[in-house]
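Here are some notes to read beside the model, written for someone opening it for the first time. Please keep the viewer at hand and follow the points in turn.

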Amino acid sequence: MKLMTCPVNGTRPVSEFVYWGEIRPMPDPDACSDDEWAAYVFNRNGAPGVKKEWWCHTPSNTWFIAERDTEKDFVLRTYLYGDDR
Amino acid sequence: MNAVLRISPLFDVQAPLARDWTTRERMQVVARFGADEAARRANAGIGDRSFLQRAGVKGAGAAAWLNAQGIDTPAQPNSFLQLADGTLVARLGLTEYLIEDAPGGTRTAALMAQPPGERVYPVPRFDAALELTGTQIPELLRQTCAFDFSTLAAPALVMTSMVGVGVTALTLDSAEGPVVRLWCDGTWGGYLWLTLVEVAGDLGGGAVGVEA
């Protein structure tokens, strides 16, 4: 059973969680080029590596950030948005 | 003044199995499911507590507003209090609370009659509410839920997933032993109830009515 640690509810089976994709900062639409905007809208980074991802513990609807190595499928740490210190 | 105005979210799945009906808090509920209810309740009884009145509030001002109404609030998220009159006050998040009356209680009605204060937002609650009783409940929980309830220091509240349904669960002590209370979204309630009743059947338990 795969486990994921919710920063609020603790370690639970991954079946209690949903994955909502990599955190992708939005470029300023007024300042960026069309290519940069198109890349933001249409392209996703499929290369394996350590990524910051949105996850949600569905029973409590707790959204948080997981730093996950997508090559080794290893979760380095999880924290609530704004707690990245 | 005992007219039926409410219907349990579990009505459709309970109706084929019910033997006697009664009315509690203006909701039509099953009084008995058949013979041997006492034995089922002692082993693994699955009871319906959806008829209890409940209210939810959330917002930065929710705790202070509840305190001003004479309702104490738990100090930590994922914890609960039971007031002297039996009212349950559960803290579901940093600023979200669920208040459930004891049978016959009027606290939530009084709460909802008040205008909400500043930064207090009422949350309508249409939960299916279950009560699990009996000696085989730890085994039932092991079969239906990945969360290990034996690690829970009673009294405690936990949000987890049971047979695939997101539930809020808490454990209470009673004269008959530990009782587990569950709340889930009402639309999932029938599936959760039927599945738990089926698993409880293998453990010598099953559905119990409110008069068991």
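1. B:N78 sits in the loop between helix 3 (62-68) and strand 6 of chain B. Helices here are DSSP runs of H or I with at least four residues, strands are runs of E with at least two, and both are numbered from the N terminus. The phi of B:N78 is near 60°, a positive value in a residue other than glycine. With a relative accessible area of 18%, B:N78 is buried; the term buried means under 20% relative accessible area, exposed means over 50%, and partly exposed lies in between (1.4 Å probe, protein chains only).

2. A word on what you are looking at: this is a predicted model, in which local features need pLDDT of at least 70 and side-chain atom pairs count only at pLDDT 80 or more, while totals for chains, interfaces and linings use all residues. Residues are numbered from 1 along each chain as its sequence is written, chains are lettered from A and ligands numbered from 1 in the order in which they are written, and side-chain values use heavy atoms, with hydrogens and water left out.

3. Strands count as paired if DSSP finds at least two bridges between them. Look for B:S79, whose bridge partner in strand 7 is B:R91. The hairpin of these strands has five residues between them, and there B:G86 takes a positive phi near 95°.

4. B:T108 belongs to helix 4 (residues 107-113) of chain B. Is B:T108 buried or exposed? Its relative accessibility is 4%, so B:T108 counts as buried.

5. Chain B also has an open sheet of three strands, in the order 1-3-2 and with mixed pairing. Strand 1 (6-7) and strand 2 (20-24) are the edge strands, each pairing on one side only. Two bridges link strand 1 to strand 3 (residues 27-32) of chain B in the parallel sense, and B:I7 stands opposite B:Q28 of strand 3.

6. Now to chain A, whose elements run β-β-β-α-β-β-β from the N terminus on. Of its 85 residues, 31% are buried. A:D73 deserves a look: this residue is in the loop between strand 5 and strand 6 (74-79) of chain A, has a positive phi near 50° although it is not glycine, and is partly exposed at 36% relative accessible area.

7. Finally, the largest pocket holds about 930 Å³ of space. A pocket is an open set of points on a 1 Å grid over the protein atoms alone, with protein on both sides within 12 Å along at least five of seven lines, and its lining residues have an atom within 4 Å of a point. Of the 33 lining residues, A:P59, A:S60, A:N61, B:E96 and B:M159 are the closest to its centre. Strand 12 of chain B gives the most to the lining, with four residues. By class, the lining has 17 nonpolar, 11 polar and five charged residues; Ala, Val, Leu, Ile, Met, Phe, Trp, Tyr, Cys and Pro count as nonpolar, Asp, Glu, Lys and Arg as charged, and the others, Gly among them, as polar.

How values were computed
1 Å grid on protein atoms, 1.4 Å probe; cavity = no way out; pocket = protein on both sides within 12 Å on 5 of 7 lines; lining within 4 Å. Points joined across faces, edges and corners; volume = space filled by probe spheres on them.
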